[in-house]
Amino acid sequence: MTQHHWRPLATRAALEARARLLTELRTFFAERGVLEVETPILSAAANPDPAIEPLHLDADLTGTGNRRWYLQTSPEFPMKRLLAAGSGPIYQVCKVFRADERGRRHHPEFTMLEWYRPGFSLEDLMDEVAVLVRRLVGRPELPVERLRYRELFRRRLGLDPWTATTAELQAAAQARGIADADLLALDTNGWLDLLLTHCLEPDLGRDGLTFVHDYPPSQAALARIEPGNPPAARRFELYWQGMELANGFDELLDADEQRRRFQRDLDERRELGRVSTPMDERLLAALEAGVPATSGVALGLDRLLMGMLGADHLDAVLALPVEWA
Amino acid sequence: MASYKTNEFKGGLKIMLDGDPFTIVENEFVKPGKGQAFNRVKVRNLKTGRVVERTFKSGDSVEAADVHETDLQYLYNDGEMWHFMDTETYEQLGADAAAVGDAAKWLKEQDMCKVTLYNGAPLSVEPPNFVILTITETDPGVRGDTATGGTKPATLETGAVVNVPLFLEQGEMIRVDTRSGEYLSRAKED
């Protein structure tokens, strides 16, 4: 007889910690006048980012025939449409979905807290993230550190990520003893990601909250690029206990530039043999109409719970992981 | 040829790397939020037993290894090969010294063993966890000494040497744990 695993894996304490977290963060945003919103999980368009693979379903939901609906990989695009319509500061807690992501710190559906602060600089938003996270984890004394992406690589690996060649990056990976570094075929960003995940991440946020910020323009994603010498993408990642918790942008507002980046992503998808996704014309129209200058951030609540509970696997904070779903 | 994508990686999966069969010991998926994902994998070479780390770009595929485990009965050794039989099909298979390895010193005719097959041929042999073997050579027993806890080496019928209590005699049968190589108790043939 097949044994049916029906029991939840998470402890009662983990369920309570999650419930407390949600209450706390809602109080935090209510105090600050940030409006809670909900946007659709299903969308006719998707983020074309080649590093993110959306899930989809085919159904007739509007009485106009079958079509493809994408499960959100982040609520970013519909939230920006609310901002363009004058919503003011908004936040959302929602499930997001990503194909092909399963591991100790990855689960195909996870809970994201995403918020937008019109008028905030990236620095203002990093400050707010630190205040919120310290409060949620109940450690107001937790040290906060900021580190430029360029400084991180220079200090720890002796490399300038803006100018290093793939050969230099590969040599650094080999020198650091990364298995198969001699065999892997990667582009510049691939090597930077390999070095970041294998050599640098484990130490980030070891003693507190570490914000890594100002990324190479080729890793801008949806961040504005600050012209300068060298130019930098106004983006940050928050690390705690060697774990990436949040990703923030000084949001790109230029509709033409956004369209170019989408097109580049779609071209890359084609080269990689990935399925194509429809361009989000409604987001582009909203950008055209004008989204106010804003910074925005997405924070993974499941990983935050891992850090709070000292868990080394996401399954410890999920009531029913996908294998039990 | 069957293959596996990195998202199918998990402990115990058998894959081909550089022409050798490996089993995955540990698989870790690492990915920056906005970038390239990797699988950091610890794999054991099924021929040599060596564990090495490998790095894969997530989404890559690797060839599946035609490796599976089966229970076979040990029949006899012809001086070169150890012969096993599938007790259902009566099919016989020969394993060489490289495949049998350390298991050789525990193999007693008719015992059931776990044999790992690679492309249909024995790759490794695991003896039963517990075996009953006859002592063929040891110093004379010290009568009545069941309490001092002293031991002496004893050679068993398969050639294995284990430490046994002083009171045991040549010709007696004992039960041994093959995983630790330790004497457990006196035994009767069943």
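In S13(B), Leu156(B) is the bridge partner of Ile135(B). The model is predicted: local features need pLDDT of at least 70, side-chain atom pairs count only at pLDDT 80 or more, and totals for chains, interfaces and linings use all residues. Residues are numbered from 1 along each chain as its sequence is written, while chains are lettered from A and ligands numbered from 1 in the order in which they are written.

Strand S12 (residues 130-138) and strand S13 (residues 151-156) of chain B run antiparallel and are joined by 3 bridges. Strands, like helices, are DSSP runs numbered from the N terminus (E, at least two residues, for strands; H or I, at least four, for helices), and two strands pair if DSSP finds at least two bridges between them. S13(B) is also joined, by 5 bridges, to strand S14 (residues 161-165) of chain B, again antiparallel. In that pairing Pro153(B) stands opposite Asn163(B). The hairpin of S13(B) and S14(B) has 4 residues between the strands, and Gly159(B) takes a positive phi near 105 degrees there.

Ile132(B) lies in strand S12 of chain B. It counts as partly exposed because it has 19 C-beta neighbours inside 10 Å. The cut-offs are 20 or more other C-beta atoms within 10 Å for buried, 12 or fewer for exposed, and partly exposed in between, with C-beta atoms placed from the backbone. Ile132(B) and Thr89(B) are 43 residues apart in sequence and 26 Å apart in space, C-alpha to C-alpha.

An open sheet of chain B holds 4 strands in the order S2-S3-S4-S5, with antiparallel pairing. Strand S2 (14-17) and strand S5 (51-57) are its edge strands, each pairing on one side only. On average, neighbouring strands of this sheet are turned by 45 degrees against each other, direction ignored; the axes are lines fitted to C-alpha atoms, and angles in general run from 0 to 180 degrees between N-to-C directions. S2(B) is joined to strand S3 (residues 20-30) by 4 bridges, and Met16(B) has Pro21(B) as its bridge partner in S3(B).

Chain B is assigned domain 1 (3-63), domain 2 (67-126) and domain 3 (130-186), with bounds from an automatic or database domain assignment. The C-alpha centres of domain 1 and domain 3 of chain B lie 44 Å apart.

## Nonpolar cores

A nonpolar core is a set of buried Ala, Val, Leu, Ile, Met, Phe, Trp, Tyr and Cys residues joined through C-beta atoms within 7 Å. The largest has 86 residues, and those with the most contacts inside it are Val129(A), Leu169(A), Ala173(A), Leu195(A) and Leu238(A). Helix H3 (residues 122-136) of chain A gives the largest share of this core, 7 residues. Not counting residues up to four places away in sequence, Leu195(A) touches Leu157(A), Leu169(A), Ala172(A), Ala173(A) and Leu200(A). A second, separate core of 23 residues includes Ala95(B), Trp106(B), Ile135(B) and Val176(B).

## Contact between the chains

The contact takes 23 residues from chain A and 16 residues from chain B, where two residues are in contact if their C-beta atoms, placed from the backbone, lie within 7 Å. On the chain A side, helix H6 (188-200) and strand S11 (243-250) each supply at least two residues. H6(A) gives the largest share of that side, 6 residues.
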